[in-house]
Amino acid sequence: MNLSVGIVGLPNAGKSTLFNALLKKQVAFVANFPFATIEPNVGVVPVPDERLEKIAIIIGGGNPHASLREAQDGGIKLPPIVPATVKFVDIAGLVAGAAQGEGLGNKFLAHIREVDLICYVLRQFQDSDVVHVSGDINPIKDLEILDTELMLADLQTLEKQIEPRGKIEKEALKKWELIKLLKQQLERGKKAREILVDETDKICAADLHLLTMKPALYVVNVGEDQLQNSTNQLIFKLTKPQFGETDQHIKESDILLVSAKIESELAELTETEQLEYLKSLGLEKTGLDRLIQKAYARLGLVSFLTGGELEARAWTITNGTKAPQAASVIHTDFEKKFIKAEIVTYADFVAVGGWNKARNLGKLRLEGKEYVIRDGEVVEFKIGS
């Protein structure tokens, strides 16, 4: 399962700077004028996971308490480490009127349909050398513009739907009723994810591929001084219900304060230097780590781990996935040929030193088709012919 995140924002909000910093590559064209980014830039980023390093060291016969570098220097032959990945898509800046084709609007909106999660980048930093397309720094106003354009694009999608005629199947009738409800509520300023909260309704309307149905995170691009002072007033404004206390609104857990400039500087440092710089800022993790962590949480994703001579690898699944369906992430045939799963918790795997000792010490469990795989479990699937 590949997680894809679309980074959207107004021109000069810091999207491309953040993208470059997150990927540690200068792959997006950054310039101080609107529409510098014409095509969406895509980069696949490994998900940082120190657990994989420990598993690889144990498989190689090394000391699990040693660092990866210590194991390598000690001549330990490690299996390849294959982390889970996140695909980031840097989508060129939207402007007011994008849904009607302003700027390069429709082209940009089409790219958003392909991602799992939308990451809004909202500008809060002050810099007289970087012009703001609207003239003033106002993250709340910027968010309103972005939301409006996505809602207008969804309304265009709904306007193209044709009312079913003649003998109508129950499912088609239900979908048409949902389309009418969506049109009515979108015109009132509500997003599709606020309108459709029932899971069966979401499934029924899924093939509409509505932009405002997608889950979202909100990255506030701040200056270094603002990173230190948590801009509580701004967070309060972002989380305040827009239409009344009964309406859904942005959760504080979905807001992330990041300085794209600092992330850009971090990208140029060694791992040791990064840790020192982060410590001086009072941070434990980079913006990339925090963004991925929030993206996983927002989409309800977890990772299980596998470890053998071929590789130490993390696999991404939806929280609540049963063992046969988790096995299918490795290979589609594994689900129907599933027999059982051998499970060891990560903590036990490291504490006892691998598969054999886990078996001998009774730390390994055999689980069947109804077992729900948990985050961080080390798994080996037994598959029939």
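The largest pocket in this predicted model has a volume of about 1,600 Å³. The second largest pocket holds about 820 Å³ of space. The model also contains an open sheet of six strands and 20 salt bridges.

**Largest pocket**

- A total of 49 residues line the largest pocket, and Val47, Pro48, Asp49, Glu50 and Asp289 are the ones nearest its centre.
- Several elements each give two or more residues to this lining: the helices are α1 (15–23), α2 (50–59), α3 (68–73), α11 (260–266), α12 (271–280) and α13 (287–299), and the strands are β2 (41–46) and β8 (301–307).
- Sorted by class, the lining of the largest pocket consists of 27 nonpolar, eight polar and 14 charged residues.

**Second largest pocket**

- The second largest pocket is lined by 31 residues. Those nearest its centre are Arg193, Met213, Lys214, Pro215 and Arg298.
- Two or more lining residues come from each of α7 (192–195), α8 (199–204), β6 (216–221) and α13.
- Helix α8 provides the largest share of this lining, with three residues.
- The lining of the second largest pocket is made up of 15 nonpolar, four polar and twelve charged residues.

**The sheet**

- The strand order in the open sheet is β2-β4-β1-β5-β6-β7, with mixed pairing.
- Strands β2 and β7 (255–258) are at the edges and have a single partner strand each, so one side of each has no neighbour in the sheet.
- On average, neighbouring strands of this sheet are turned by 25 degrees against each other, direction ignored.
- Six bridges join β5 (residues 117–123) to β6, and these two strands pair in the parallel sense.
- Within this part of the sheet, tyrosine 120 has tyrosine 218 in β6 as its bridge partner.

**Helices on the sheet**

- Helix α5 (residues 139–159) packs on the sheet and touches β5 and β6. The direction of α5 makes about 145 degrees with that of β5.
- Helix α13 lies across β1 (3–8), β2, β4 (85–90), β5, β6 and β7. Relative to β7, α13 runs at about 175 degrees.
- Helix α13 also gives two or more residues to the lining of the largest pocket and to that of the second largest pocket.

**Salt bridges**

- One of the 20 salt bridges in the structure is formed by the side chains of lysine 15 and aspartate 90, at 3.4 Å from N to O.
- This pair connects distant parts of the chain, since lysine 15 is in helix α1 and aspartate 90 is in strand β4, 75 residues apart.

How values were computed: Residues are numbered from 1 along each chain as its sequence is written. This is a predicted model: local features need pLDDT of at least 70, side-chain atom pairs count only at pLDDT 80 or more; totals for chains, interfaces and linings use all residues. Side-chain values use heavy atoms; hydrogens and water are left out. On a 1 Å grid over the protein atoms alone, a cavity is a set of points where a 1.4 Å probe fits but cannot get out, and a pocket is an open set with protein on both sides within 12 Å along at least five of seven lines; lining residues have an atom within 4 Å of a point. Grid points are joined across faces, edges and corners, and a volume is the space filled by probe spheres set on the points. Helices (H or I, at least four residues) and strands (E, at least two) are DSSP runs, numbered from the N terminus. Ala, Val, Leu, Ile, Met, Phe, Trp, Tyr, Cys and Pro count as nonpolar, Asp, Glu, Lys and Arg as charged, and the others, Gly among them, as polar. Two strands pair if DSSP finds at least two bridges between them. Axes are lines fitted to C-alpha atoms, for helices over the stretch in contact, and angles run from 0 to 180 degrees between N-to-C directions. Contact means heavy atoms within 4.5 Å. A salt bridge is a side-chain nitrogen of Lys or Arg within 4 Å of a carboxyl oxygen of Asp or Glu.
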